[in-house]
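Please open the model in a viewer and keep the selection tool at hand.

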Amino acid sequence: MEVRGVAAGRPLGRDGLTRSSVWIWEEIRMHDDDFISTGVTRRTFLAGVGGAVALSVAGTSAQAAAGKEAPQLAALVKDGKLPPLAERLPQNPLVIKPFEKIGTYGGTLRRGLRGSSDHNGILRMVGNQGLVRWNMDFTQVLPNLAEKWEVSADATQFTFHLLKGAKWSDGHPFTADDVVFAIEDVVKNKELYSATPAQISVAGKPVTVEKVDDYTVKFTFAAANALYLENLATPLGQHPTLFAKHYCSKFLPKYNTNLDADVKAAGVSSWTELFRAKCGDIEIPSRWGNVDKPTLDPWIVKEAYSGGATRVLMVRNPYFWQVDTEGNQLPYVDEINFGISQDVESLMLNVISGKVDIQERHISTLANKPTLSQNMQKGDYRLLQLVPSAAQQCQLYLNMTHKDPAMRKMFADKSFRQALSIGINRQEIIDIIYFGQSEGYQTGPRPGHPWHHEKLGRQFTEYDPDKASAMLDKVGFDKKNGSGIRLRPDGQPVFFAVDVIPTLYPDLVDVLELVKAHWAQIGIDMKVNTIERALYYTRGDDNAHDAQVWPGPGGLDPMLDPRDYFAFHPQGSRYAIPWTLWYTSNGQKGEEPPESQKKRMKLFDEARSTADLNKRGAIMKQIFDLAAEDFETIGVCLAVGGFGVIRNNLRNVPEKQPDSWSWPNPGPALPQQFTFTS
Amino acid sequence: MLKFVVKRLFWMIPSLFAVSFLAFVLIQLPPGDFVTTYIATLASSNEVVDQNTAAQLRERFGLDQPMLVQYLKWIWGIVTRGDFGLSFEWQQPVSGLIWERMALTLVLALASLIATWALALPIGVYSAVKKYSIGDYAFTAFTFFGLSIPSFLLALVLMYVAAVEFGQDVGGLFSSQYETAPWSIGKMYDLLTHLWLPVAILAVSSTASLIRVMRANMLDELPKPYVTTARAKGLSEFRLLVKYPLRIALNPFISTIAWLLPNLISGSVVVAIVLNLPTAAPLLLQSLMAQDMYLAGAFVLLICALTLIGSLISDILLALVDPRIRLE
């Protein structure tokens with residue numbers, strides 16, 4: 001699926017658009033093999049930008065007018081309750097090539113949500129209408145509400161040209177004023193956002209957005225922000241298109257002098273509360289709680305997501321600004337009905353009895369796979385395969401900055417970590433727990449990714465308990481106590497606890513039980529510490545853990561989450577939280593990391609501001625080299641893919657999709673072009 | 001009598017304060033707070049919160065203040081304005097969230113209560129009077145089954161059979177076309193067609209246990225001399241049963257009213273979650289899991305108030321029904 005330049009009458013080819021840093025992993029060849037195999041190799045970023053500018057935008061209104069619209073909307077137009085289609089669509093609407101075929105209008109798409117904190121389940125399906133979007137393969141950033149853009153050579157200025165004539169769901173035009181309002185008046189408002197979201201804050205300063213003309217906006221950053229387009233395509237990049245000025249300005253003191261009275265009338269305690277209730281934010285429930293809020297989404301809220309809701313109903317947006325290749329206005333599907341299940345098991349029951357049209361969220365655990373496969377006929381669905389974007393299924397983080405000096409010394413010893421790694425029988429774990437669906441792996445971009453690093457990925461994955469014992473003997477753990485457990489130089493037995501959250505990752509508990517048995521054979525005593533998730537986070541934040549496990553990200557998106565390549569993420573790089581604090585606070589907080597870490601931090605900052613993809617790759621390789629040398633984290637096996645179901649009468653759905661928050665599946669597969677066959 | 005009621009009502013005030021404080025402390029006891037739980041929940045779907053947002057959320061919700069300050073603010077809002085606070089998760093007033101679900105909760109609780117009593121009382125009496133008859137054995141067998149099958153398991157099995165074998169719409173209390181429709185005859189009928197399953201499931205175990213209690217109570221009373229006297233006076237067997245031993249055997253039922261009221265909210269949590277019922281119980285569990293403090297606190301407070309009121313009511317009723325009991 002790709003965007004066509006309509007007027008030019010040719011597909012927007014390989015060089016026509018900017019390349020993302022996030023490359024394809026060999027297996028995500030989903031649709032256009034030719035496109036992927038030749039198109040996604042190292043290509044320069046800036047050359048692409050020039051091509052995008054050349055895209056012509058003239059003369060497609062005639063084509064749009066010839067297109068069709070949903071029967072209900074046509075009836076409304078006939079009754080004079082809605083302007084005709086040509087007036088609702090942009091002059092040059094965004095053309096989407098359907099995944100399989102041109103669809104037919106109609107139908108209600110059913111999907112499930114969990115009872116609590118599941119607003120992102122709606123976001124993933126409906127709310128992905130940013131300035132730019134991902135392509136199907138998670139490799140490239142495509143035009144969306146911005147039909148083209150230019151990036152300055154130093155990657156500090158981004159100029160976006162908006163779709164002319166696109167409209168909010170209430171018919172009000174979407175213009176540069178809305179984008180400027182969203183960033184300058186809303187996101188940069190200190191009362192609403194006491195800290196500016198990290199994405200639009202570079203070198204400690206927030207972005208500046210200026211209106212060039214009605215349909216052109218310029219974003220200026222304080223320093224290079226080469227990854228901005230990719231970030232803009234992720235959910236956290238939706239701010240510029242989230243707030244309609246004509247509606248949301250009513251809830252800002254700057255535009256509404258009478259706001260205090262409105263706040264009182266609404267019975268809330270402050271204007272910021274009122275603003276959030278009315279206009280929402282990227283990922284809070286109230287984004288889907290106000291039926292009056294204008295949006296740019298394909299479907300708009302009819303029955304809101306609130307504490308008492310048992311379902312969320314969304315109906316088509318008559319002003320949606322995308323059409324298919326024959327000029328038919330999208331979306332094809334009339335409504336989306338999100339049923340709210342309190343319990344995941346009852347959601348599963350609905351899935352296998354065919355009462356859900358597409359679902360992967362909440363049901364994609366290994367334990368469910370046999371049940372889902374067995375009931376394919378009865379439920380009349382096919383399986384959807386998710387390609388993990390993570391690198392590692394079970395990353396073990398030994399706390400190298402432990403508060404206890406003796407433990408710290410032990411974990412900081414590289415040979416100790418290497419010995420533990422080759423003391424794990426990975427094949428047994430893969431066979432027993434993952435049904436043979438994986439391979440031994442440490443960390444780093446997945447095999448097939450252009451940045452895949454063999455040493456970082458495969459070193460010390462062989463099982464060799466004798467060698468492990470010899471290594472441990474050599475580094476001073478050569479004495480054992482009565483029960484065969486090695487003693488540390490200070491005479492204490494080698495013992496530590498590994499924290500794991502059984503409710504989130506039941507498979508990791510099983511993995512750890514096996515690892516515990518493997519390590520017992522080389523004289524290491526480990527406790528599988530199953531704890532509640534909030535406690536897990538608290539222990540990590542306080543640096544009070546011995547060791548913790550978590551799936552290791554960065555398999556397909558190494559630039560977006562490099563937590564396992566150096567101490568990057570204060571809630572993720574669990575082998576050295578104090579080092580991450582040092583990094584994120586520019587040396588103000590935390591603990592000073594060793595040289596190799598500091599070098600990697602510097603290199604990553606450099607990579608982040610490097611626009612040229614080849615150069616960026618070269619810098620990242622240096623980071624991978626250093627990370628492989630230092631061997632900080634121990635991995636078990638490559639992340640295993642999840643799965644979901646698609647009802648057989650729902651078409652235009654790719655059956656293989658990346659599974660990621662940056663590519664918020666299934667949103668970038670464009671649910672607006674999903675269609676039902678009778 | 002009036003003096004007793006006033007005195008009891010007066011004592012409720014300090015007990016409620018004590019309980020509300022205890023509830024607040026208990027809800028805060030688990031490690032972390034709403035924000036950590038929220039981040040962890042999102043992380044389970046591989047979703048992240050902007051790193052600058054977490055601290056900002058704590059500040060907005062006042063979670064960075066000492067617990068005592070948070071408590072006093074909350075209780076002050078309740079006492080002065082009747083304001084139970086805002087649910088962190090939904091950003092909606094807590095009282096609205098709870099009331100929204102109370103009507104259906106009441107319907108379900110009353111329906112299953114009536115079903116339970118209507119079945120359990122006659123069967124219990126029958127079992128006691130016809131002790132060791134075939135009917136008694138049959139009911140005893142049923143009651144032991146009813147007591148030993150966990151109701152959530154029964155719910156899951158029935159749902160599976162209904163959904164997979166018969167293709168019926170299970171879970172929830174309404175079909176999708178009526179879910180948000182205004183009340184009408186059609187909607188009432190739709191509710192009734194959905195209500196029988198949860199009512200049956202909820203009634204099974206409580207019916208079973210009530211039958212046992214009723215049977216045992218009656219067996220205690222039946223051999224007593226006053227029964228023999230009444231029979232000697234020539235009362236018909238039915239009148240005799242209803243007039244004397246049944247009244248006394250009912251005492252334990254009346255004392256259970258004390259926990260019937262709080263059960264409206266907290267009873268049958270698991271069944272309500274499995275069956276996806278729009279009642280208060282799932283919301284209560286959700287608020288506890290998410291550490292949504294004010295919502296959970298309001299629930300606990302409500303449950304306590306209902307327990308206190310319930311025990312008052314059952315005390316008064318006991319005094320009315322059983323002349324041996326004095327309210328002193």
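Begin with the largest nonpolar core, which has 247 residues. A nonpolar core is a set of buried Ala, Val, Leu, Ile, Met, Phe, Trp, Tyr and Cys residues joined through C-beta atoms within 7 Å. A residue is buried if 20 or more other C-beta atoms lie within 10 Å of its own, exposed if 12 or fewer, and partly exposed in between, with C-beta atoms placed from the backbone. Select A:Val312, B:Ala298 and B:Phe299, the residues with the most contacts inside this core. Around B:Phe299, display B:Ile265, B:Leu284 and B:Ser287, which it touches when residues up to four places away in sequence are not counted; contact requires C-beta atoms, placed from the backbone, within 7 Å.

The model is predicted: local features need pLDDT of at least 70, side-chain atom pairs count only at pLDDT 80 or more, and totals for chains, interfaces and linings use all residues. Residues are numbered from 1 along each chain as its sequence is written, while chains are lettered from A and ligands numbered from 1 in the order in which they are written.

Next, select the whole of chain B. Its secondary structure comprises 16 helices and 0 strands; helices (H or I, at least four residues) and strands (E, at least two) are DSSP runs, numbered from the N terminus. The C-alpha trace of chain B spans about 85 × 60 × 40 Å along its principal axes. Of the 328 residues in chain B, 35% are buried. Among contacts in chain B with a separation of 6 or more, 71% are between residues 24 or more positions apart.

Within chain B, select H5(B) and H16(B). Their axes come within 9 Å and cross at roughly 55°; axes are lines fitted to C-alpha atoms, for helices over the stretch in contact, and angles run from 0 to 180 degrees between N-to-C directions. H5(B) is therefore oblique to H16(B), a class for angles that are not under 35 degrees (roughly parallel), over 145 (roughly antiparallel) or 65 to 115 (roughly perpendicular). Which residues of H5(B) and H16(B) meet? B:Val94, B:Leu97 and B:Ile98 in H5(B) meet B:Tyr294, B:Leu295, B:Ala298 and B:Leu302 in H16(B). This contact divides into 7 nonpolar residues, no polar and no charged; Ala, Val, Leu, Ile, Met, Phe, Trp, Tyr, Cys and Pro count as nonpolar, Asp, Glu, Lys and Arg as charged, and the others, Gly among them, as polar.

Now display the contact between the chains, which takes 49 residues from chain B and 41 residues from chain A. On the side of chain B, the elements giving two or more residues include helix H3 (53–61), helix H7 (151–165) and helix H14 (269–274). The largest share of that side, 8 residues, comes from H2(B). The side of chain B that touches chain A divides into 21 nonpolar, 21 polar and 7 charged residues.

B:Gln291, in the loop between helix H15 (280–289) and helix H16 (293–321) of chain B, has a positive phi near 50° and is buried, with 23 other C-beta atoms within 10 Å. In chain A, select A:Phe460, whose phi is near 55°; A:Phe460 lies between helix H18 (454–458) and helix H19 (465–474) of chain A. Finish at A:Leu330 and A:Pro331, joined by a cis peptide bond with omega about 0°.

Technical notes
Contact = placed C-beta atoms within 7 Å.
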